[in-house]
Amino acid sequence: MQLKGAKKQGKKFINPIPTDDAGLDKMPAVFWEYLTTRSEGTPKKTLGPFVTDASTYNTPPESGLRITWVGHSSLLIEIDGKRILTDPVWSKRASFIQWAGPKRFFDAPLPLDKLPQLDAVIISHDHYDHFDEATIRALAPQNIPFYTSLGVGRYLKKWGVAAELITEMDWGDVAQVGNDCTITTAPTRHFSGRGITNRNQTLWSAFAIKGHTHNIFFGADSGWFNGFEDIGNAYGPFDLTILEIGAYGKSWPDIHMGPLSAVNAHLALKGKQMMPIHWGTFNLALHAWHEPIDILLELAAKENLNLFVPEPGKPTEATGSNYNSGWWEKYKS
């Protein structure tokens with residue numbers, strides 16, 4: 001089974017099902033909510049510092065699967081001998097300017113110049129919290145292959161990545177990384193745009209990453225839709241699902257999942273272990289910064305799910321057994 005490619009209306013890509021992508025008409029209400037909320041969106045205690053021991057990468061993971069969570073959706077994935085970096089954002093702010101906009105709760109634990117040699121970089125879509133110009137410009141001279149959604153390549157070229165290193169992918173496309181690893185794009189329910197005038201003119205995607213032993217799912221950003229079942233049937237089961245649990249809100253229910261829908265997505269994907277991302281790094285919503293993980297732990301206990309929750313910056317092997325570092329607990333007010 002192969003999933004269908006994305007559709008367009010004029011210049012704009014459209015979601016798999018009708019979706020409210022929280023446009024300009026929602027901004028006044030959202031802005032008012034931000035002004036009046038009492039939730040601890042930003043930690044009162046400084047998080048970290050978290051520091052990665054880069055010498056760890058000199059020894060391959062015994063299990064074949066090791067993850068370093070840099071924060072938000074930025075991950076260094078070591079899978080069956082390949083090293084893949086996802087949605088790298090090393091800048092202090094997820095913004096078009098560095099003196100305003102959502103600021104990191106903690107610095108990236110692993111300096112860019114300490115990264116091990118990479119086999120691939122994945123860019124799911126063009127939003128600032130997933131696609132950082134300064135980080136891309138720093139990576140560009142290293143001649144790393146980039147795999148990204150349709151239309152995003154123009155930014156990569158502009159920021160110094162050689163055209164021959166860029167593979168733009170539609171939903172259902174398959175790319176080969178080396179001889180024994182494939183990357184397959186899958187639909188998500190989200191939107192795109194780095195400004196007011198270019199909304200949805202580039203595509204947004206998730207990625208199934210299959211090595212010779214492991215099969216994992218990097219979900220990036222998505223609201224719930226029944227397509228998770230189709231993805232699970234087409235490309236699952238998955239040893240690890242990596243799913244967003246944060247930045248949900250009542251004004252944008254269609255484009256982010258939150259903990260409950262993430263659990264449902266994990267089950268639909270036929271996942272064996274679930275890693276929560278897109279939380280604990282930026283203040284992008286109206287909930288408390290630790291609320292997503294607190295709720296997820298309650299849901300996982302009820303559903304008897306195996307979670308994978310490593311400390312930021314700590315290379316940790318995903319073996320299928322439940323693992324919860326609990327790193328955030330000491331920072332809660």
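**Ground rules.** I am working with a predicted model, where local features need pLDDT of at least 70, side-chain atom pairs count only at pLDDT 80 or more, and totals for chains, interfaces and linings use all residues. Residues are numbered from 1 along each chain as its sequence is written, and side-chain values use heavy atoms, with hydrogens and water left out.

**Salt bridges.** I searched the whole structure and got 10 salt bridges (a side-chain nitrogen of Lys or Arg within 4 Å of a carboxyl oxygen of Asp or Glu). I looked up three of these pairs.

I began with Asp 21 and Arg 199, whose side chains meet at 3.5 Å, N to O. Asp 21 sits in the loop between strand S2 (12–14) and helix H1 (27–36), and Arg 199 in the loop between strand S10 (182–186) and strand S11 (206–210), 178 residues apart. Helices (H or I, at least four residues) and strands (E, at least two) are DSSP runs, numbered from the N terminus. Asp 21 counts as buried at 16% relative accessibility, while Arg 199 is partly exposed at 22%. I applied these cut-offs: buried is under 20% relative accessible area, exposed over 50%, partly exposed in between (1.4 Å probe, protein chains only).

Next I checked Glu 78 and Arg 66, with closest N and O atoms 2.7 Å apart. Glu 78 is in strand S4 (residues 74–79) and Arg 66 in strand S3 (residues 65–71), so the bridge ties together parts 12 residues apart in sequence. Both residues are buried. Arg 83 joins Arg 66 and Glu 78 in a network of salt bridges.

Then I took Lys 82 and Asp 180, which meet at 2.9 Å, N to O. Lys 82 lies in strand S5 and Asp 180 in the loop between strand S9 (174–176) and S10, so this pair ties together parts 98 residues apart in sequence. Lys 82 is buried at 13%; Asp 180 is partly exposed at 32%.

**Arg 104.** What does the side chain of Arg 104 reach? I found the backbone oxygen of Val 89 at 2.8 Å. Arg 104 is buried yet has no salt bridge, and the nearest side chain of opposite charge, Asp 107, is 5.7 Å away. I placed Arg 104 in the loop between strand S5 (82–86) and strand S6 (120–123).

Notes. Lys, Arg positive; Asp, Glu negative; His and termini not counted. Polar contact = N/O pair within 3.5 Å; in protein donor to acceptor, adjacent residues only side chain to side chain.
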